[in-house]
Amino acid sequence: MPTLKRLFSILAPYWKTLLLSAVLVLARTGFDLLPPLFQRAIVDNVIGASDLSVLLPLIGFLVLVYALQQLVNAGDMYVRHALGEKFILDLRVRLYAYLERLSLSFFERTSTGELMSRVTNDVNALESFVTHGSALAVIDALRLVGGAVILLVLEPRLAALVLLPVPILAISLRYYNVRIRPIYRAVRARLGDINARLQDSLSGIQVIQAFAQEERELERFSAESEHYYEARIQGMRYWSTFFPGMRFISHLGTVLVLAAGSVMVVQDEMSLGTLVAFLSYITSFYEPINRLTAVDNTFQEAVAAGDRIFELLDEQPEIEDGPDAVPLPPLRGEVEFDDIHFRYGTGDEVLHDIPFGMAPGEVVALVGPSGAGKTSLANLLCRFYDPLHGRICVDGFDIREVQLASLRTQVAVVLQDTFLFNSSVRENLQYGKPEASEKELISASTAAYAHEFIEALP
């Protein structure tokens, strides 16, 4: 499965922690498999032989095993959860950094709420996979193999009865995976739709209230929530019937062993202690199978979330530095538009054969009706987009051949719609120049006729 392979590949940088986790998992599995052997010895060598002399040593060793078991368990839980949190931290930062590289055209065709869902909800789904899913799958697989070996050694005939339901469980799990995967994919998509609708509504709350469209927007949000509910219910319908069915089949194996084992003990073909140990190991055998089916649920959610995350990481920026891009020196301010043609996406051309220039220090006003291309020219100068034809030069440099950062740090943009970050006034003023001094801040705010009202703020 390509998605699962990519999920494991991005865990490669954490190999040291994974190695420590693997050692703890092996130790934990070994301690999990030891107690039934002590129980067998107590039943046969103490109760069956009416000999209390060996009881205390056996009880002492059993207590030691349980203590070591929980000590290793504590270390395993801490290491796994710390790994999961670090993995999610790095992935979320990596996603954010990648989003910053993508072109404006990507954000124009993708809703903010959808992107937020991928960076938060989908990443959180992977945390469960890393912390619980993958580790528990390894633990249960080891317990399954270890339990099967011990069962075969204790009594091969009873072991055959234990293994009887396994093919049925395996085929059922395969069927479940095929059915549930597209459902979980739909659940993640519906959650993204809810976030997109919520983001649009909250951002446009003034418009909604100004046009008295509260009921209409409520209906839209309710519809998106209903679709998400239906997708979730469809998934619940499958796992709420599948997992109890799996457990019933595994319980049938236990019943078969109890019946056959009772006959063998009565006929002196097996000791009572062996039957007690055998029944304990059946739990160690079937419980991992049942839990693996539940872990599979986590896997399917992680794969669905991983698909959406990798879709984002596979998105290629349309505007980026070329391999031979050079940094711009300090600019004088000469600008030339040479035979510019441009359109957004696959739409009609909004700029046709635009040729004009601006000298350093010259003030140029672009005048025209809405949609004439004024904003498009400003966007092209900042290289938020590239023209279909022609070129734009600053101080003789073609802006497609220079480093984006060196261009944009020398272009001041006053946006048509004012945007403020949710932070202090100072941080907003310093956004384009974080090192600006107090004197520069006051000078800029005074020039913008903002200093007086800023001074009056709390």
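This is a predicted model: local features need pLDDT of at least 70, side-chain atom pairs count only at pLDDT 80 or more; totals for chains, interfaces and linings use all residues.
I took helices (H or I, at least four residues) and strands (E, at least two) as DSSP runs, numbered from the N terminus. Residues are numbered from 1 along each chain as its sequence is written, and side-chain values use heavy atoms, without hydrogens and water.

**Entry 1: helix α12 and what follows**

Within α12 (residues 374-381), I listed S376, L377, N379, L380 and L381 as buried; buried means under 20% relative accessible area, exposed over 50%, and partly exposed in between (1.4 Å probe, protein chains only). I then asked what covers these buried residues of α12. The cover includes the strands β1 (335-343), β2 (349-358) and β3 (389-394), and also α13 (404-408); I counted contact as heavy atoms within 4.5 Å.

**Entry 2: the strands**

I traced β1 against β2 and found antiparallel pairing over six bridges; strands pair if DSSP finds at least two bridges between them. V335 faces M358 of β2. The hairpin of β1 and β2 has five residues between the strands, and G345 there takes a positive phi near 60 degrees. I also followed β1 to β3, where the strands run antiparallel and are joined by five bridges. E336 has C393 in β3 as its bridge partner.

**Entry 3: the cysteines**

I searched the whole structure for disulfides, that is, pairs of cysteine sulfur atoms within 2.5 Å, and the search found zero. C382 is in no disulfide, the nearest cysteine sulfur being that of C393, 16 Å away. I noted C382 as buried at 7% relative accessibility, and C393 as buried with a relative accessible area of 4%.

**Entry 4: helices α3 and α4**

I compared the axes of α3 (residues 35-48) and α4 (residues 55-101), which come within 10 Å and cross at roughly 170 degrees. Axes are lines fitted to C-alpha atoms, for helices over the stretch in contact, with angles from 0 to 180 degrees between N-to-C directions. The two helices are therefore roughly antiparallel, the term for angles over 145 degrees. I recorded P35, F38, Q39, A41, I42 and V46 of α3 meeting L55, L58, I59, F61, L62, V65 and Y66 of α4. The residues of this contact divide into 12 nonpolar, one polar and no charged; Ala, Val, Leu, Ile, Met, Phe, Trp, Tyr, Cys and Pro count as nonpolar, Asp, Glu, Lys and Arg as charged, and the others, Gly among them, as polar.

Technical notes. Angles under 35 degrees count as roughly parallel, over 145 as roughly antiparallel, 65 to 115 as roughly perpendicular and the rest as oblique.
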